[in-house]
Amino acid sequence: MARVKQVSEHGAEGGVERVYHELRRTMRVTGVDVSLRTWAAYPRFFVAMWEAMEPNVETRAFEEAALGLWQEVLDSTVQWEVLGAWNAVTLGPSQRFHARGALELYETMQPRVLLMVSAVRMALEGQVVGQSGALGTLERLERGVPSRMAAMEWVAEKPADAALRSLFADIVKTVGPPGVPGEYRAMACWPSYLETAWRRLKPRMKDEDFQEEADRLLESARRRARALPYPVALSRERVAALGEDADAVLKVTQALERRSPALLLNLSRMVQDVPDMLRQPMPGASRLVPDWVAAEELR
Amino acid sequence: MNWREWQERQEVAELGNRFLSYVDWGSGPPVVLLHGIPTWSYLWSGIAQGLAVSNRVLAPDLLGYGFSDKRDRFDRSIARQAEAVEAWLDRLGVVDATVVGHDVGGGVALQLAVRFPQRVGRLCLMDSVCYDAWPKGLMAQLGTPGMARRLTPERLTRFLTPALKRKGFATPQTAELLEGLLAPYATEVGMVSLSRDAVALNTNHTLELASKLGHLAVPTLVLWGEKDGLLPAKFGERLAWDIPGARCVKVPQAGHFLMWDAPHAVAMELFDFLERAAPVNHVPRRSVAEELFGSEAPV
C-alpha cells in the first residue's frame, strides 16, 4: 500500500482543521488519532465522512456501542496471562502518571475509532449502515474534553533514535499499514516500557485464539456499526464525485479496520497490566441543552 | 545525569485540574529551584545533587513546561505560575523556603516574594527576567501564532539548539545537555505548549513589581552571568540596588545559563548564601509540645 501522509493537527487547514476541532469536541478527546489523520490526507472525503458520521458519533447510542465493544475486548483478554511490562521497567512516579494518562486516553478513544472505521468501510463497500432514525431525535452527549484527560503526546513517526525507529518498523510490519498506531507512538515517550511491552505482545499475536478473538471483535464492531441510530450517507460514488481517489480511500479504510481489533486486544492487555486502572475512565455526560435551544428543536 | 534519569526522579502533584511534575531530593531546609524558558527543571540537574546533601531540593516544572501539564487550559503568566507554585508548596506542607529563580523562574520567584512573602525565607535571583528587560526577540517570535503554525517539533529543535548555544552559554556544552533541555518540547504537544509559554511572557508582570521591590524584607542574592547576552548584568545590578540588603555577584566567564557555564562558582555562592543569610522567619514556629498540646502546652 502506498504511503499516506498524515495531516498533523497544527498543520491542518480549511475543512480539515474545522473537522479536527469538531472531532475533538464531539469524541471528547484531546487530540486526533493516527487513523483520522490518515483519512485527512483525502480532505474532501474527510469532510464528507464527518458530515455522514457526526450525527451518530454525538449520540449516547454511539457511546454505548463503543463502551460495549471495549467491554468485550476487556472480557476477552482478562483471562490471558498478565503482560507484566508495567512492573518490569523502572519508571518514576511522574512517568507512570503520564503513561497511565496516555493509556486512559487511548482506551477511551480507540473503540470509538474502530466503530467509525467499520461504519465507513461498510458504507464505502455499498452496505447499508445505520438505522433510519430521524436526525436529532436521540440523546446526545455533552461535547468537550474531560478535564482529567491527558494531552495526546507522542514521538514522531520517524524518530531520531535508531532503536526506536527499528521498533516502530517491527510494529508496523506486524500490525499492518498505514502507519505506527497512535498508542505505540504515545507509549514510545517511555522507550523502555514500549520495548518491554512489545516484546511480550508480539508473540501472542500469532496465536490462533488471538486471531479468533480479533475476528470476533471485528464482527462485533461491524454489527454495532450497522445498528447505529442514523443512516451513514457515504458511498464510493460520492467520494469519487468529490474528486478523491475512491479506491485509495477504501484501501486505507480497509487497512485501518483490519488491524484495529488486534490493536484493541493489545491495548487492553497494556491497560489491564496497570494496577487500579478504570475500565471506562471517561464516561460521557448527558448533553445540557439550553431551554431555548430545546424549544427551537421541538418546534 | 541525562534527562531521562532526571525525569525518572520526578514526582507529580495534582492541583485541581492541573498537575505539576517535580523533583524532591534530599532533606533539610527546603530550597525551591525555578527554571525559565525554554527549559525545565532539568536545568538544575548539575547542582541539585550537591544542594541535596544538606537541603531538601524541590525543583518543579512550571505549568506548561517540561513534564508538567501542557494542555491548553490555563494562563501561563508568571503571576499565575507563582500562584501554582504557592499551591504546590502548600500541598507539600512547605511553610517557607529558599526560592531560587532563573530567567522566567526569577520572575516567578519575585512574584512569590511580593505576593506570598510568608513562603519565601530567602531569595536568590539568577539572570532573572525583571522590569522591561524581557521578553527577548527569540521567545517573543516563538509566541506569535503564525510562527507556531509554521513550526514542526523537528524545526523547533533545529531553531532553538543553535540559538541556545550561541546566546545562552559562554562556554561549550555537551549535545546531551542541549538535547535534554529541549527534550519535552520535541513533540507536537510540547512544541505548541512552548509557543503558549512564550506568548504568556508579559513585561507587565515584572513592571508591576518594580515599585514593591523596596518593601521586600527577605535576604536576597542576585547572581548574574557576566557574559549574559540575553539579559545584561545591568539588570542584576538594578535589582540588587532596589531590593533592600540584596547583594549582586557577577559570575565571570558565565553567560545566561550560569549554572552550566560556571557550576562550581555558582554552587559556592549559593552554599555561602544558604549558610550565612538567616531566612526570614515569617511564621512563628511552634514547639513540638505546642504541636501536641496546643497553647496549653506544659512548660
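Cys189(A) is buried at a relative accessible area of 17%, where buried means under 20% relative accessible area, exposed over 50% and partly exposed in between (1.4 Å probe, protein chains only). The model is predicted: local features need pLDDT of at least 70, side-chain atom pairs count only at pLDDT 80 or more, and totals for chains, interfaces and linings use all residues. Residues are numbered from 1 along each chain as its sequence is written, chains are lettered from A and ligands numbered from 1 in the order in which they are written, and side-chain values use heavy atoms, with hydrogens and water left out.

**Cysteines**

Over all chains, a search of the whole structure finds zero disulfides (pairs of cysteine sulfur atoms within 2.5 Å). Cys248(B) is in no disulfide, and the nearest cysteine sulfur, that of Cys130(B), lies 10 Å away. Cys248(B) is partly exposed, at 26% relative accessibility.

**Glu104(A)**

Glu104(A) sits in helix α6 (residues 93-124) of chain A; helices (H or I, at least four residues) and strands (E, at least two) are DSSP runs, numbered from the N terminus. Relative accessibility is 8% for Glu104(A), which therefore counts as buried. Leaving aside residues up to four places away in sequence, Glu104(A) touches Arg148(A), Met277(A), Pro281(A) and Met282(A), contact meaning heavy atoms within 4.5 Å. The side chains of Glu104(A) and Arg148(A) are joined by a polar contact of 3.3 Å. A polar contact is a pair of N or O atoms within 3.5 Å; within protein, one must be able to donate a hydrogen and the other to accept it, and residues adjacent in sequence count only if both atoms are side-chain atoms.

The relative accessible areas given above are tabulated here.

| Residue | Relative accessible area | Class |
|---|---|---|
| Cys189(A) | 17% | buried |
| Cys248(B) | 26% | partly exposed |
| Glu104(A) | 8% | buried |

**Interface of chain B and chain A**

Chain B gives 25 residues to the contact and chain A gives 29 residues. About 2000 Å² is buried between the two chains, 49% of it from carbon and sulfur atoms; buried area is the accessible area (1.4 Å probe) that two parts lose on being put together, summed over both. In chain B, Glu8(B), Arg149(B) and Glu188(B) lose the most area to chain A, together 29% of what that side buries.

Two salt bridges cross this interface, each a side-chain nitrogen of Lys or Arg within 4 Å of a carboxyl oxygen of Asp or Glu. Arg37(A) and Glu188(B) form a salt bridge at 3.4 Å, N to O.
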